[in-house]
Amino acid sequence: MIRFYKGKNYDSASKIAADIIAAQMILKPDCVLGLATGSTPIGAYQELIRMNQAGLIDFSEVSTCNLDEYVGLGGNDEQSYRYFMNHQLFDHVNIDKTRTHVPNGLADDIQAACREYDEIVASVGGADLQLLGIGHDGHIGFNEPGDSFDRGTHLADLQESTIRANSRFWDGDESKVPKQAVTMGIATVMSARRILIMACGADKREIITKAFHGPITPQVPASALQLHPCVYVVGDEAAMGDLC
Ligand code: F6R
């Protein structure tokens, strides 16, 4: 079942997303959250921090598995997704960092690191709730158009459009953006019991509509979510338009 939720603006969409994550944490205090980076979830993370500091939600038993990490960046690199998660969420809540998992972008043997990451996800029981953003080309994680739906964690080559979009974090210098990433595959994402995908801003309107009202095709990786039994699509008015 796909449920659509529209907030008036980015802040209210972030609040809706945070409320869904908080509900999962209250329902199952030792839940596993699949987490995402990027601009979109930052407001939801800020709201979760506020709720945690107000004593409304407790991260002490929560485990997390992030979607992806750039190849070649370690956790102390400000552009790495581990650094992002520490700074945007983990450093500000009562989470046990040993329970937080991000793929290893520095492994000598990346293929082995991919297999190990799937084992980690399986060993914590899989995600109860997987949070996702969506790229302009429909990517989720770093699963780019054309990737098959049946892959686990793997090494991905970034598309030009993704490198261009992400260069905003490197002062627009595309040459500095890593060209590869370790990412959960669509099969890993689909194994989550619930999925929460966020889309905010007018520039996401076309792709989020395609993903949920268009054909299910590897050309639009997020369209695979139409096949999942429990998906929450949360966005602002600019992105959601007439979706709900
Ligand atoms: C982030 C991720 C990406 C982003 C997507 C949207 O971990 O895997 O798929 O969710 O690129 O990014 P933003 O939110 O910056 O538009």
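Modeller: **The ligand site**

The ligand takes up the space of the largest pocket, a pocket being, on a 1 Å grid over the protein atoms alone, an open set of points with protein on both sides within 12 Å along at least five of seven lines, and a molecule sits in it if more than half of its atoms lie within 2 Å of its grid points. This is a predicted model, in which local features need pLDDT of at least 70 and side-chain atom pairs pLDDT 80 or more, while totals for chains, interfaces and linings use all residues. Residues are numbered from 1 along each chain as its sequence is written, and side-chain values use heavy atoms, without hydrogens and water.

Around the ligand are 14 residues (a heavy atom within 4 Å), and those that come nearest are Thr 40, Asp 68, His 139, Arg 168 and Lys 204. The shell divides into 4 nonpolar, 7 polar, Gly being counted there, and 3 charged residues (Asp, Glu, Lys or Arg).

Among the polar contacts (N or O atoms within 3.5 Å), a ligand oxygen lies 2.4 Å from a side-chain N or O atom of Thr 40, and a ligand oxygen is likewise 2.4 Å from such an atom of Asp 68. Taken alone, the ligand exposes 410 Å² (Shrake-Rupley method, 1.4 Å probe), of which the protein buries 92%.

Technical notes: Polar contact = N/O pair within 3.5 Å; in protein donor to acceptor, adjacent residues only side chain to side chain. 1 Å grid on protein atoms, 1.4 Å probe; cavity = no way out; pocket = protein on both sides within 12 Å on 5 of 7 lines; lining within 4 Å.
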